[in-house]
Amino acid sequence: MKRFAMPATGLAAVLLLAATGCGSDPKTVAAPTAKADTFGCLTAEQAAAGSTRLTVDGRNVGAYYRDSDAGKATVGVVFAPQAGGSLCDWQPHYAEFTAAGYAVVGWMVNGGGASDVRAAMSLLKSKGVTSVALVGASNGASASLETAADPANAPLPIKAVVSLSSPETAPGESNAAKAVLTGTVPTFFAAEEGDGRYPEFAKGLHDTAATPVKQLKTYPGNNHGYLLLNDGALPDVRTFLTAHAPARS
């Protein structure tokens, strides 16, 4: 009796069908999952939970969002990076703020000034946050001051601003010297005494600021921007936010 021999290609097809559920709907086969962006500083777990994107004037900007440890935070802290900086600058401090009850957001430097800050606020609003504090470094501080001076265009109420080493102006981005003349949000101004003209800028911005609630601190050292948090400013920032933008307000 003549035996039938299945061609090798036919046998392979039968085996493939068996492996995939005998011809079941191909949509049930899981596709590979893209890895979340760690931006060079987040853990894989942090990235999976919070890596995201901001849309700023038609551009996609890498960002990181993290809810409070307790969950469902209603107050957020927007961490605005300095020129040449990123969300990684603030990464060592996110946990302290989320433990205190805040949601946080940071992003990769984009040069968008107040537009970047507003985009980050919109992200927090989409997560259920109802008010924010702005913490900015250098150009990010200038952008934060400008955002706070224009509450009509802010996606959320701004309860406090922390300005770390803000210049008077950031050409093409923001103008802090102009913004403080009309801004009324409680503001904390800070710089380090050896950081060029930045102590002078901090004092000038403080002295001309229209807000009735303002504080000026000059710290020893010559560091700039976000590095002030490592040089004594962090407890003062936390105290200022607790007074004016408490996590459970």
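## A tour from cavity to core

Start inside: the second largest cavity holds about 80 Å³ of space. A cavity is a set of points, on a 1 Å grid over the protein atoms alone, where a 1.4 Å probe fits but cannot get out. Its volume is the space filled by probe spheres set on those points, which are joined across faces, edges and corners.

Before you go on: residues are numbered from 1 along each chain as its sequence is written, and side-chain values use heavy atoms, without hydrogens or water. This is a predicted model, where local features need pLDDT of at least 70, side-chain atom pairs count only at pLDDT 80 or more, and totals for chains, interfaces and linings use all residues.

**Stop 1: the second largest cavity**

Select Leu145, Val180, Gly183, Val185 and Thr187. Of the 14 lining residues (those with an atom within 4 Å of a point), these lie nearest the centre of the second largest cavity. Now color helix 5 and strand 9 (187–192), which each supply at least two residues of this lining. Helices (H or I, at least four residues) and strands (E, at least two) are DSSP runs, numbered from the N terminus. The lining of the second largest cavity has 10 nonpolar residues, four polar and no charged. Here Ala, Val, Leu, Ile, Met, Phe, Trp, Tyr, Cys and Pro count as nonpolar, Asp, Glu, Lys and Arg as charged, and the others, Gly among them, as polar.

**Stop 2: the largest cavity**

How many cavities of 30 Å³ or more are there? The count is two. The largest has a volume of about 110 Å³. Select Pro81, Gly113, Asp116, Gly140 and Glu173: among its 16 lining residues, they lie nearest the centre. Helix 4 and helix 5 (139–148) each supply at least two residues of this lining. Helix 5 gives the largest share, three residues. The lining of the largest cavity divides into seven nonpolar, seven polar and two charged residues.

**Stop 3: Ser86**

Ser86 sits in the loop between strand 3 (75–80) and helix 3 (91–99). Is Ser86 buried or exposed? Ser86 counts as buried because its relative accessibility is 10%. Buried means under 20% relative accessible area, exposed over 50%, and partly exposed in between, with a 1.4 Å probe and protein chains only. Show the side chain of Ser86: one of its polar atoms lies 3.0 Å from the backbone nitrogen of Cys88. Leaving aside neighbours within four places in sequence, Ser86 is in contact (heavy atoms within 4.5 Å) with Pro81, Trp107, Met108 and Val109.

**Stop 4: the nonpolar cores**

Select Trp107 again. Along with Leu54, Val78, Met121, Leu124, Val132 and Ile158, Trp107 is among the residues with the most contacts inside the largest nonpolar core, which has 34 residues. Such a core is a set of buried Ala, Val, Leu, Ile, Met, Phe, Trp, Tyr and Cys residues joined through side-chain atoms within 4.5 Å. Helix 4 (residues 114–126) supplies the largest share of this core, six residues. Next, select Ile158. Beyond neighbours within four places in sequence, Ile158 touches Met121, Val132, Leu134, Thr147, Ala148 and Val185 by the contact rule. A second, separate core has 32 residues, including Val75, Ala133, Phe188 and Ala247.

**Stop 5: two positive phi values**

Phe39 lies in the loop between helix 1 (8–19) and helix 2 (44–50). Its phi is positive, about 55°, although Phe39 is not a glycine. Phe39 counts as buried because its relative accessibility is 14%.

End at Lys72, in the loop between strand 2 (59–66) and strand 3. Phi of Lys72 is near 55°, again positive in a residue other than glycine. Lys72 counts as exposed because its relative accessibility is 74%.

Key. A polar contact is a pair of N or O atoms within 3.5 Å; within protein, one must be able to donate a hydrogen and the other to accept it, and residues adjacent in sequence count only if both atoms are side-chain atoms. On a 1 Å grid over the protein atoms alone, a cavity is a set of points where a 1.4 Å probe fits but cannot get out, and a pocket is an open set with protein on both sides within 12 Å along at least five of seven lines; lining residues have an atom within 4 Å of a point.
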